[in-house]
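Have a look at the model first, then read on.

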Amino acid sequence: MLYNLFGLDSSVYYIAIPLQILVIIHALKTDRKQWLYMLIFIPVIGSLIYLYMEVLPDLRNGTFLSSLQRYFMPGQKIKQWERKVQISGSITNKLGLAEAYAEQKQYEKAIELTSSCLKGLYVDDPAILLQLARQYFQNGQYQESIRFFDQLNKNNGNFSMVEDELLHVRALEGIGEIEAVHQGYKRIIRNHHSLEAMFHYGMFLKKQQQKAEAKLQFQAVREEIKLLPRYLRRRNAQWSRRALKELM
């Protein structure tokens, strides 16, 4: 047994096996498949490293329970919001239900419900426009996503969050606006030093067969993350891992 090889007694075995199973399920459910090799072949140490690197940050950020519910009880949040909408069909409750649909990739339902909120006093509401822009992007409807992002910017000025500015650029990539995409990624990287933008720009360059330039972006992600404070390194760890995978 692997556990005897590591000098572990039988009592640890009964703890380690359930822990190993739980973290493997968690890794699969949360799309952290890059950990599977370590979790299977170095079970105890791998599980402890996984808990420290992936679960502990969620616990510190207060997002662990919501993530757990999303992946392991996917219908629970939808049912909660559906009950709220039945009690009161307010804009807030409808948007909450639409967001719950989107979290479970039920984008058509999310878009339909969010669109129904664009009326009366809320016809130009920035929160609703933004939610629609995001949902259309998630559904692969890039032209519609761009339309709502543009309407939002026309009414309220520039993007307030770099994540949404990045989605807009990626939507432009989705419809083949090559030059605008180049300029968009460069602008975000220059202004915000976004590791996520660097990674996606690298993937875009790779698709354009600009492999040397793509490699530079992936290397930049690996170098930049070392300069960040610890909490930002944890938040951006996935881009560093994915960049390393591309470099390998």
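Before the packing, a word on terms: axes are lines fitted to C-alpha atoms, for helices over the stretch in contact, and angles run from 0 to 180 degrees between N-to-C directions. Helices (H or I, at least four residues) and strands (E, at least two) are DSSP runs, numbered from the N terminus. This is a predicted model, where local features need pLDDT of at least 70, side-chain atom pairs count only at pLDDT 80 or more, and totals for chains, interfaces and linings use all residues. Residues are numbered from 1 along each chain as its sequence is written, and side-chain values use heavy atoms, with hydrogens and water left out.

**Overall picture**
- The chain has 16 helices and zero strands.
- Of its 248 residues, 37% are buried (under 20% relative accessible area, with exposed meaning over 50% and partly exposed in between; 1.4 Å probe, protein chains only).
- Among contacts (heavy atoms within 4.5 Å) with a separation of 6 or more, 42% join residues 24 or more positions apart.

**Confidence**
- Average pLDDT (the predictor's confidence in each residue, from 0 to 100) is 87 for the chain, and 88% of the residues score at least 70.
- Residues 1-8 have pLDDT below 50, and this stretch has 14 contacts in the model beyond near neighbours in sequence.

**H13 against H14**
- Helix H13 (residues 195-207) and helix H14 (residues 211-224) cross at roughly 160°, and their axes come within 7 Å.
- That makes H13 and H14 roughly antiparallel to each other (angles over 145 degrees; under 35 is roughly parallel, 65 to 115 roughly perpendicular and the rest oblique).
- On the H13 side, the contact residues include Leu195, Met198, Phe199 and Tyr201, and they meet H14 residues including Phe218, Ala220 and Val221.
- The residues of this H13 and H14 contact divide into 10 nonpolar, two polar and three charged (Ala, Val, Leu, Ile, Met, Phe, Trp, Tyr, Cys and Pro count as nonpolar, Asp, Glu, Lys and Arg as charged, and the others, Gly among them, as polar).

**H11 against H13**
- Helix H11 (residues 162-174) packs with H13 at an angle of about 10°, their axes 11 Å apart, so H11 and H13 are roughly parallel to each other.
- Leu166, Arg170 and Glu173 of H11 make the contact with Glu196, Ala197, His200, Phe204 and Lys207 of H13.
- The residues here divide into three nonpolar, one polar and four charged.

**A buried threonine**
- Thr114 lies in helix H8 (residues 107-115) and is buried, with a relative accessible area of 0%.
- Neighbours within four places in sequence aside, Thr114 contacts Leu95, Ala98, Ile128, Gln131, Leu132 and Gln135.
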